[in-house]
Amino acid sequence: MNGPSPQSGGAGGPDPAAVSNMFGRIARRYDLVNHLLTAGIDVRWRNRLVRAVAATSPDRVVDLATGSGDVAFALRRALPAEVDIAGLDFCRPMLDEAERKKNERGGGANLTFTFGDALDLPLPDAGTDAVTIAFGLRNLADRARGLREMHRVLRPGRGHLFILEFTQPARWIRPFYFPYLRHVLPRLAGCVSGDQAAYRYLNTSIEGFPSRESISREIEAAGFEDVRCQPMTGSIVTLHQARKSSAIPRHRPSR
Ligand SMILES: C[S@@+](CC[C@H](N)C(=O)[O-])C[C@H]1O[C@@H](n2cnc3c(N)ncnc32)[C@H](O)[C@@H]1O
């Protein structure tokens with residue numbers, strides 16, 4: 001869930017090469033650090049997303065910025081075996097972790113992991129029922145472009161978008177949360193992962209991330225409708241959901 005400490009990659013987001021490089025460095029310890037830093041609550045956050053996806057009965061799901069694949073595996077466990085699930089990421093070592101886990105665990109029928117860029121999806125128009133992205137939106141170099149790509153690949157009418165991301169926490173939790181994020185987390189994560197610098201960005205990227213209302217507006221601007229958000233755990237994390245309209249747009253959003 002953490003992010004790197006890259007320079008801006010333009011369009012307001014981090015530099016993609018630095019993002020990929022950083023996740024490559026921490027890939028082996030990524031899951032362990034996540035579970036430690038959140039005391040295991042990250043599993044519940046992902047399960048909430050998976051339940052929301054299951055409620056839409058998709059036939060084909062694409063999990064963007066899949067990383068080590070935890071959302072994809074949770075989807076595989078929750079959805080019928082014939083549902084096609086594809087995890088996509090642009091960091092090879094993270095995908096290697098996902099593949100390693102798939103081989104270890106088995107039961108990965110109709111579950112594939114693919115190298116690809118969320119800003120230029122190697123997927124056809126209107127062929128996907130659900131797009132998920134957990135803790136990935138914050139790391140995209142160009143969020144608007146990423147959201148337009150997600151819209152493009154979804155089926156009109158029944159295509160749903162699910163975004164799990166850190167958001168600005170509720171006021172009451174800030175006096176505990178921000179000191180934890182700024183001081184405790186990088187040290188703890190640094191000890192376990194051996195890469196403290198990598199985890200310093202988690203704080204800056206979360207504090208600098210737009211409000212969930214702004215993110216809702218960005219989702220709408222990409223062409224989605226029925227945009228909703230569900231804050232969790234004192235609003236530390238929010239599940240955003242939206243649907244692609246069945247109406248044919250008068251002009252296609254530019255990529
Ligand atoms: C914080 S991890 C999230 C991993 C996983 N979704 C989870 O729930 O733990 C962010 C992931 O986003 C990936 N990522 C960032 N920008 C990307 C892009 N443009 N295309 C594909 N993957 C991207 C990184 O490589 C990294 O694996």
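Trainee: Which residues of the largest nonpolar core touch the most other members?

Mentor: This is a predicted model, and its largest nonpolar core holds 67 residues. Those that touch the most other members of this core are Leu49, Leu75, Val131, Leu161 and Leu164.

Trainee: Is Gly67 buried or exposed?

Mentor: Apart from neighbours within four places in sequence, Gly67 is in contact with Phe23, Tyr30, Asp89 and Met94. Because Gly67 has 27 C-beta neighbours inside 10 Å, and 20 or more are enough for the term, Gly67 counts as buried.

Trainee: How far apart in space are Gly67 and Pro80, C-alpha to C-alpha?

Mentor: In sequence, Gly67 and Pro80 are 13 residues apart. In space, taken from C-alpha to C-alpha, the distance between Gly67 and Pro80 is 23 Å.

Trainee: What is the phi of Ala65?

Mentor: Most residues other than glycine have a negative phi. Ala65 is found in the loop between β1 and α4, and it is buried because 24 other C-beta atoms lie within 10 Å. Its phi is positive although it is a residue other than glycine, with a value near 50 degrees.

Trainee: Where is Ser235, which has a positive phi although it is not a glycine?

Mentor: The phi of Ser235 is about 65 degrees, and Ser235 counts as buried because it has 21 C-beta neighbours inside 10 Å. As for its place, Ser235 is in the loop between β6, residues 224-232, and β7, residues 237-244.

Trainee: At what angle do the axes of α2 and α7 cross?

Mentor: Two packed helices are described by the angle between their axes and the distance between the axes. Helix α2 covers residues 30-37 and helix α7 covers residues 174-193, and their axes come within 10 Å. The crossing is right-handed, and the angle is roughly 145 degrees.

Trainee: How many nonpolar, polar and charged residues are in the contact of α2 with α7?

Mentor: From α2 the contact takes Leu32, Val33, Leu36 and Leu37, while from α7 it takes Leu185, Leu188, Ala189, Val192 and Ser193. Sorted by class, these residues are eight nonpolar, one polar and no charged.

Trainee: How far apart in space are Ile219 and Leu161, C-alpha to C-alpha?

Mentor: Ile219 sits in helix α9, residues 212-221, and counts as buried because it has 24 C-beta neighbours inside 10 Å. Leaving aside neighbours within four places in sequence, the contacts of Ile219 are Leu147, Leu161, Phe224, Val227, His240 and Ala242. Although Ile219 and Leu161 are 58 residues apart in sequence, their C-alpha atoms are separated in space by 9.2 Å.

Trainee: Which residues is Gly146 in contact with, leaving aside its neighbours within four places in sequence?

Mentor: Gly146 is placed in helix α6, residues 143-153, and is buried because 27 other C-beta atoms lie within 10 Å. With neighbours within four places in sequence left aside, the residues in contact with Gly146 are Ala118, Leu119, Leu137 and Leu140.

Conventions:
Residues are numbered from 1 along each chain as its sequence is written. This is a predicted model: local features need pLDDT of at least 70, side-chain atom pairs count only at pLDDT 80 or more; totals for chains, interfaces and linings use all residues. A nonpolar core is a set of buried Ala, Val, Leu, Ile, Met, Phe, Trp, Tyr and Cys residues joined through C-beta atoms within 7 Å. A residue is buried if 20 or more other C-beta atoms lie within 10 Å of its own, exposed if 12 or fewer, and partly exposed in between; C-beta atoms are placed from the backbone. Axes are lines fitted to C-alpha atoms, for helices over the stretch in contact, and angles run from 0 to 180 degrees between N-to-C directions. Helices (H or I, at least four residues) and strands (E, at least two) are DSSP runs, numbered from the N terminus. A crossing is left-handed if the near helix is turned anticlockwise from the far one by less than a right angle, and right-handed if clockwise. Two residues are in contact if their C-beta atoms, placed from the backbone, lie within 7 Å. Ala, Val, Leu, Ile, Met, Phe, Trp, Tyr, Cys and Pro count as nonpolar, Asp, Glu, Lys and Arg as charged, and the others, Gly among them, as polar.
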